[in-house]
Amino acid sequence: MKLAEALQERSDLNRQIEQLKFRLVNNAVVQEGEAPAEDPVQLLEQINHSIARLEELMAAINLANCRTVVDGMTLTQLIARKDCLRLKVEAYRDLAEAASQTAHRATRSEIRILSAVDVKAVQGEADSMAKELRLLDNQLQQTNWMTEL
């Protein structure tokens, strides 16, 4: 199994577990004399099975991420870099947006509101980091499809 396939299965399992939890809660209580639409015991069995499989996958994915090296960095390090780069891009974009807001004055006596940063430079940095983020994500995706679990 390829790492990318395991990641897809992990995502599917997370969705399935959430749906099973919802169904379980909806069938936990019934009116006296009525039967639940679904058997809570069977739903619990399905949840337990799905969570056990999820645990196996998570361990295997984490091990593969730690042992797979790309350009001198493990996948774990590349994922951390990607996540932090995404945070930086978001912060720079938010700053550029906030600094771009200007207040219009009706008269010359009103207080002028000025940007405290060079919006063009901040936006340029955000764009540069966003490009690096896209390239890093592409590299991770490619590696995920080439790496055996």
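**Helix pair H3/H4**

I started with handedness: the crossing of H3 and H4 is left-handed. By that I mean the near helix is turned anticlockwise from the far one by less than a right angle; clockwise would be right-handed. The element names come from DSSP runs numbered from the N terminus, with helices being H or I of at least four residues and strands being E of at least two.

Ground rules, before going on. This is a predicted model, so local features need pLDDT of at least 70 and side-chain atom pairs count only at pLDDT 80 or more, while totals for chains, interfaces and linings use all residues. Residues are numbered from 1 along each chain as its sequence is written, and side-chain values use heavy atoms, with hydrogens and water left out.

Next I looked up the geometry. H3 covers residues 75-100 and H4 covers residues 119-146; their axes come within 8 Å and cross at roughly 155°. The axes are lines fitted to C-alpha atoms, for helices over the stretch in contact, and the angles run from 0 to 180 degrees between N-to-C directions. H3 and H4 are therefore roughly antiparallel. The cut-offs I use are under 35 degrees for roughly parallel, over 145 for roughly antiparallel, 65 to 115 for roughly perpendicular, and oblique for the rest.

I sorted the residues of the H3 contact with H4 and got 17 nonpolar, five polar and nine charged. Nonpolar here is Ala, Val, Leu, Ile, Met, Phe, Trp, Tyr, Cys and Pro; charged is Asp, Glu, Lys and Arg; the others, Gly among them, are polar.

**Lengths and buried residues**

I checked H3 for length: 26 residues at 1.5 Å each should span 38 Å, and the end C-alpha atoms are 37 Å apart, which agrees. The expected span is 1.5 Å times one less than the number of residues. H4 agrees too, since its 28 residues should span 40 Å and its end C-alpha atoms are 41 Å apart.

Which residues of H3 are buried? I found Leu75, Leu78, Lys82, Leu85, Val89, Ala96 and Ala99. Buried is under 20% relative accessible area, exposed is over 50%, and partly exposed is in between (1.4 Å probe, protein chains only). These H3 residues pack against helix H1 (3-26), helix H2 (40-67), strand S1 (69-70), strand S2 (73-74) and H4. Contact means heavy atoms within 4.5 Å.

For H4 the buried list is Val122, Ala126, Met129, Ala130, Leu133, Leu136, Leu140, Thr143 and Asn144. Their cover includes H1, S1 and H3.

**Helix pair H1/H2**

H1 and H2 pack at about 155°, with their axes 9 Å apart. That makes H1 roughly antiparallel to H2. H1 passes H2 in a left-handed crossing, and the contact residues divide into 17 nonpolar, five polar and five charged.

H1 has 24 residues and reaches 35 Å from first to last C-alpha, close to the 34 Å expected. Its buried residues are Leu3, Ala4, Ala6, Leu13, Ile17, Leu20 and Leu24, and what covers them includes H2, H3 and H4.

**Single residues**

I picked leucine 136, in helix H4. At 8% relative accessibility, leucine 136 counts as buried. Leaving aside neighbours within four places in sequence, leucine 136 is in contact with Leu78, Arg81 and Lys82. Its C-alpha is 8.8 Å from that of isoleucine 79, 57 residues apart along the chain.

Asparagine 65 sits in helix H2. Is asparagine 65 buried or exposed? Buried, with a relative accessible area of 9%. Not counting residues up to four places away in sequence, asparagine 65 touches Leu3, Thr74, Leu75, Thr76 and Ile79. I also took its C-alpha distance to leucine 24: 34 Å, at 41 residues apart in sequence.

Glutamate 125 is in helix H4 too. At 43% relative accessibility, glutamate 125 counts as partly exposed.

Last stop was aspartate 71, in the loop between S1 and S2. Aspartate 71 is exposed, with a relative accessible area of 69%. Its phi is near 50°, a positive value in a residue other than glycine. I noted it because most residues other than glycine have a negative phi.
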